[in-house]
Amino acid sequence: MSVREILTVGHPVLRERAREVDADELVTAEVQQLIDDLVDTMRAANGAGLAANQIGVPLRIATIEVNDNPRYPYKPRIPLTVVVNPVIVPLDDEVVEINEGCLSVPNLRGDVRRHVNVRVRYLDRDGVAHDEIRRGLTAGTFQHECDHLDGRLFLDRVTDPTTFTTWEQFERFHRDAFVERITEFVRRVGS
Ligand code: NI
């Protein structure tokens, strides 16, 4: 088990477009170890996802997993998913406002508009191609991680800066209304 340091906003690698991983590189011990480290680091930090550039490696690889997550208790479960070279295409114009946080942006949350229905294509860690439809908060999580690989942070997508809160003030003043709205949304959309 190897938990790596998570880089925070201001580190230049978070603002670079990470590069594609080719099939020969994906099977190397180095890249497979990187994927193991991403999983360990994501789990140790209770993250819903982690992109390789968040631990300083500018490759298009991210991990996503949601179980009983204390940071995001309202998120539907997502089994451990490793995405390599992911490409996301929105299926329609439906969007939802999601209150997000990020391990690279300590103690800040804000409202971000995300596509509700997306098609995601990626390779898994064994190089097998996947082509999936993801919806709702799960679609939002995939968009957040793919943004990282393009050098974007959720901060860039917050259209109303008055929605920025610390985690403490979110809990005190905003959590209940958000959870009520998003629970209804999850019920409707299904994930
Ligand atoms: Ni993030």
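Trp 167 is buried, at a relative accessible area of 16%. The model is predicted. Trp 167 belongs to a cluster that ring pairs build from Tyr 72, Tyr 74, Trp 167, Phe 170 and Phe 178. Across the whole structure, a search finds four aromatic pairs.

**Tyr 72 and Trp 167**

- The ring centres of Tyr 72 and Trp 167 are 5.8 Å apart, and the planes meet at 65 degrees. Planes over 60 degrees apart count as edge-to-face, so this pair is edge-to-face.
- Tyr 72 sits in the loop between β2 (61-66) and β3 (78-90), while Trp 167 is in helix α5 (residues 167-189). The pair therefore ties together parts that are 95 residues apart in sequence.
- Tyr 72 is buried, with a relative accessible area of 5%.

**Tyr 74 and Phe 178**

- Tyr 74 and Phe 178 have ring centres 5.1 Å apart and planes at 85 degrees, so this pair is edge-to-face.
- Tyr 74 lies in the loop between β2 and β3, and Phe 178 lies in helix α5. Parts 104 residues apart in sequence are thus tied together by the pair.
- Tyr 74 counts as buried at 12% relative accessibility. Phe 178 is buried too, with a relative accessible area of 5%.

**Arg 109 over the rings**

- Arg 109 lies over the face of Trp 167, 4.3 Å from the ring centre.
- Arg 109 also lies over the face of Phe 170, at 3.8 Å from that ring centre.
- Both rings, Trp 167 and Phe 170, are members of the aromatic cluster.

**Helix α3**

- Helix α3 covers residues 136-149. Its 14 residues should span 20 Å at 1.5 Å a residue. The end C-alpha atoms are 21 Å apart, which agrees.
- Of the 14 residues of α3, 14 are buried, so the helix is largely enclosed by the rest of the structure.

**Strand pairing around β3**

- β2 and β3 run antiparallel and are joined by five bridges. Ala 62 has Val 83 in β3 as its bridge partner.
- β3 also pairs with strand β6 (residues 117-123). This pairing is antiparallel, over five bridges. Val 87 has Arg 121 in β6 as its bridge partner.
- The loop between β2 and β3 carries Tyr 72 and Tyr 74. The antiparallel strands β2 and β3 thus flank a loop whose Tyr 72 pairs with Trp 167 of helix α5.

Definitions and conventions:
Residues are numbered from 1 along each chain as its sequence is written. This is a predicted model: local features need pLDDT of at least 70, side-chain atom pairs count only at pLDDT 80 or more; totals for chains, interfaces and linings use all residues. Side-chain values use heavy atoms; hydrogens and water are left out. Rings of Phe, Tyr and Trp (its six-membered ring) pair if their centres lie within 6.5 Å; planes under 30 degrees apart count as stacked, over 60 as edge-to-face and the rest as tilted. Helices (H or I, at least four residues) and strands (E, at least two) are DSSP runs, numbered from the N terminus. Buried means under 20% relative accessible area, exposed over 50%, partly exposed in between (1.4 Å probe, protein chains only). A charge sits over a ring if NZ of Lys or CZ of Arg is within 6 Å of the ring centre and within 35 degrees of the ring normal. The expected span of a helix is 1.5 Å times one less than its number of residues. Two strands pair if DSSP finds at least two bridges between them.
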